[in-house]
Amino acid sequence: MLIVDGTLVTHGSLMLTEHHAGTGRSMDSQGEEITVGQAAEDFAAEVARWREVRSMSKRALARAMGFDPSYVSHVESGRHKSSEDFARLADEALNAGKAIWRRWRGYEKARAHADPTSSTPPAPRRPEQPYATESALVVEHDAASLHYDGRSYRLTMRRLLRNTGTEPVARYLIRISVDRYPDDPGDPEQSNAHYRAHPLTWDELDLTATCRGEEMRWQAKHDRDAFKEVWLLFDNEHGRFPLYPGESVWIEYAYTVGHEKWGNWFQRAVRLPTEQLEVQLVFPAALDPVVWGTETSMTAEASPLRTPPIRGDAGEQRTFTWITTTPALHARYRLEWRFRAQPEPDSDQGEFR
């Protein structure tokens with residue numbers, strides 16, 4: 001499975017890693033110590049990852065746990081330290097196979113190592129300004145195109161961004177999250193074990209990004225076995241090209257994932273005000289693909305898409321296109337598919353979404 005959104009998305013891992021362009025440090029329970037701040041970020045990212053895998057809003061998760069919705073939001077943003085109770089209940093509610101609980105234990109271990117005599121929780125981290133102070137991004141058009149060639153998926157995202165704020169925007173956050181077994185919530189450890197053995201790597205992703213005909217640099221924010229967060233930077237070795245107030249600009253980024261790491265679903269989470277959202281899925285016609293979808297909002301459980309994906313056949317390819325205008329903020333749109341001419345994959349294989 002792949003989750004993509006405006007801060008991106010698109011689907012845990014027991015290994016704590018931080019890489020940039022394939023280099024950097026890698027940490028696990030037997031490796032280097034990590035900072036309290038990094039451990040706190042790791043925990044928050046794990047909660048957000050599993051919440052998106054389960055297609056749950058913060059409100060729905062809070063309701064399932066018996067917490068106030070604002071508490072879930074504050075934990076994910078790092079404004080509140082999670083309690084042990086929260087970590088256990090979140091793991092149970094999201095059926096995360098102890099992945100969330102292990103992240104919380106890692107945070108407690110890092111905090112104890114940093115100050116073994118102190119029982120006082122650290123001061124809350126200042127919320128990160130995702131783009132720039134006083135910036136306000138609007139997505140005028142969001143177009144996702146997913147191509148499958150029988151061996152790998154190539155996702156191309158094009159977004160027309162408008163800066164309605166008062167400060168220039170110099171970076172844009174995207175998220176890549178995968179889950180090979182989203183339809184088996186009874187055994188989340190299956191996914192965790194699969195990605196520990198077959199982690200998503202930067203080399204296979206072959207991430208590229210462009211803006212105004214210029215290549216965009218990128219920096220890894222979170223690097224997990226099945227989850228990446230990446231800053232796309234409005235600059236390169238030749239210069240800077242920030243998005244100034246009042247301007248609109250197209251950005252485009254793309255990456256590849258083998259079908260052994262991609263589940264048969266693609267989810268879009270609306271994290272910024274969006275005027276039009278479009279998804280196109282392209283499959284080999286010989287596989288006889290069928291596609292359906294669901295919509296989840298902050299206030300409603302999953303329901304069928306209000307309009308169907310439109311099918312088109314052209315030679316050896318079958319295309320499915322789905323478009324919606326003015327999608328609700330925080331809504332999630334999930335497209336799923338099945339290849340009727342292909343046996344279901346073995347349970348020991350994985351896939352990326």
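**Strands, cores and rings**

The protein contains 7 helices and 22 strands, where helices (H or I, at least four residues) and strands (E, at least two) are DSSP runs numbered from the N terminus. This is a predicted model, in which local features need pLDDT of at least 70 and side-chain atom pairs count only at pLDDT 80 or more, while totals for chains, interfaces and linings use all residues. Residues are numbered from 1 along each chain as its sequence is written, and side-chain values use heavy atoms, with hydrogens and water left out.

Of the 353 residues in the protein, 52% are buried, a term that stands for under 20% relative accessible area, with exposed meaning over 50% and partly exposed in between (1.4 Å probe, protein chains only). The accessible surface comes to about 15800 Å², and carbon and sulfur atoms account for 49% of that area; such areas come from the Shrake-Rupley method with a 1.4 Å probe, and for residues only the protein chains shown count as cover.

Strand S15 (residues 265-269) is mostly covered, with 5 of its 5 residues buried. In a regular strand the side chains alternate between the two faces of the sheet. In S15, Trp265, Gln267 and Ala269 point one way, Phe266 and Arg268 point the other way, and all are buried. S15 is joined by 5 bridges to strand S21 (residues 332-339), and the two run antiparallel, with Trp265 standing opposite Glu336 in S21.

A nonpolar core is a set of buried Ala, Val, Leu, Ile, Met, Phe, Trp, Tyr and Cys residues joined through side-chain atoms within 4.5 Å. The largest nonpolar core has 53 residues, and among those with the most contacts inside it are Phe266, Leu281, Phe283 and Trp337. A second, separate core has 21 residues, including Trp50 and Leu61.

How many aromatic pairs does the structure hold? There are 13 of them, a pair being rings of Phe, Tyr and Trp (its six-membered ring) with centres within 6.5 Å, where planes under 30 degrees apart count as stacked, over 60 as edge-to-face and the rest as tilted. Tyr153 and Trp337 form a tilted pair, 6.1 Å centre to centre with 40° between the planes. Tyr153 lies in strand S5 (residues 152-163) and Trp337 in strand S21, so this pair ties together parts that are 184 residues apart in sequence. The rings of Phe283 and Trp337 have centres 5.2 Å apart and planes at 45°, so this pair is tilted. Since Phe283 belongs to strand S16 (residues 276-284) and Trp337 to strand S21, the pair ties together parts that are 54 residues apart in sequence. Phe283 is buried, with a relative accessible area of 0%, and Trp337 counts as buried at 2%. One aromatic cluster is formed by Tyr148, Tyr153, Trp262, Phe283, Phe320, Trp337 and Phe339.

Conventions
Pairing = 2+ DSSP bridges.
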